[in-house]
Amino acid sequence: QVYDVRVKLAADQRARDWDLLDFVDMMLATGKRIGENSAITWDALDLDAGSVEIRGTVVRIKGQGLRIKLKPKSRAGYRKLRLPSWAVEMLHRRRAEAIPNEWGVVFTSPTGLLRDPSNTQADLRDVFARLGYPWVTSHVFRKTAATLLDEAGVSARKIADQLGQIGRASCRERG
């Protein structure tokens, strides 16, 4: 289903206009939340080492608009993640095509501003429903990343660390 979703996203004009394919690929590669994905900056990436540091999340602050909050959702949120080679290739391509922005983020909104997690969630919901996957949400990507890591033999603790989870329960116990 992951491959089918990706093929359909790549073929969908609205998904391309909203720059969702690479955004979704990064979520699949890392299991990150939408706000964390939106806050990735170029200086948080080490493409030679194939890693990304999670340093914050995009949030809406009443009266101020969107900001990068330099504090992830939980104390386990600060982390350095290994990236699969296909994600590194995608990021190299993006870097070569990138238009600089004041935040240095990798994934801006279609208008070049910070990507709003709520709007992105709505965009994803709209696109997935049209593509025949109305049950797919951003949280499904976190579960998919956890499942892929589990199938690769990664320990439950390391999977929880990858997802920025606190505690000892395995990802499967969390749902």
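This is a predicted model: local features need pLDDT of at least 70, side-chain atom pairs count only at pLDDT 80 or more; totals for chains, interfaces and linings use all residues.
Residues are numbered from 1 along each chain as its sequence is written, and side-chain values use heavy atoms, with hydrogens and water left out.

Reader: In what order do the elements of the protein chain run from the N terminus on?
Author: Helices (H or I, at least four residues) and strands (E, at least two) are taken as DSSP runs and numbered from the N terminus. On that basis the protein chain has nine helices and five strands. Their order is α-α-α-α-β-β-β-β-β-α-α-α-α-α.

Reader: Which residue in S4 is the bridge partner of threonine 57?
Author: Strands pair if DSSP finds at least two bridges between them. Strand S3 (residues 57–61) and strand S4 (residues 65–69) run antiparallel and are joined by five bridges. In their hairpin, three residues lie between the strands, and glycine 63 takes a positive phi near 80 degrees. The partner of threonine 57 in S4 is lysine 69.

Reader: Is alanine 156 buried, partly exposed or exposed?
Author: Alanine 156 belongs to helix H8 (residues 156–163). Buried means under 20% relative accessible area, exposed over 50%, and partly exposed in between, with a 1.4 Å probe and protein chains only. Because its relative accessibility is 32%, alanine 156 counts as partly exposed.

Reader: What percentage of the 175 residues of the protein chain count as buried?
Author: The protein chain exposes about 9,600 Å², of which carbon and sulfur atoms supply 52%, with areas from the Shrake-Rupley method and a 1.4 Å probe. Of its 175 residues, the share that counts as buried is 46%.
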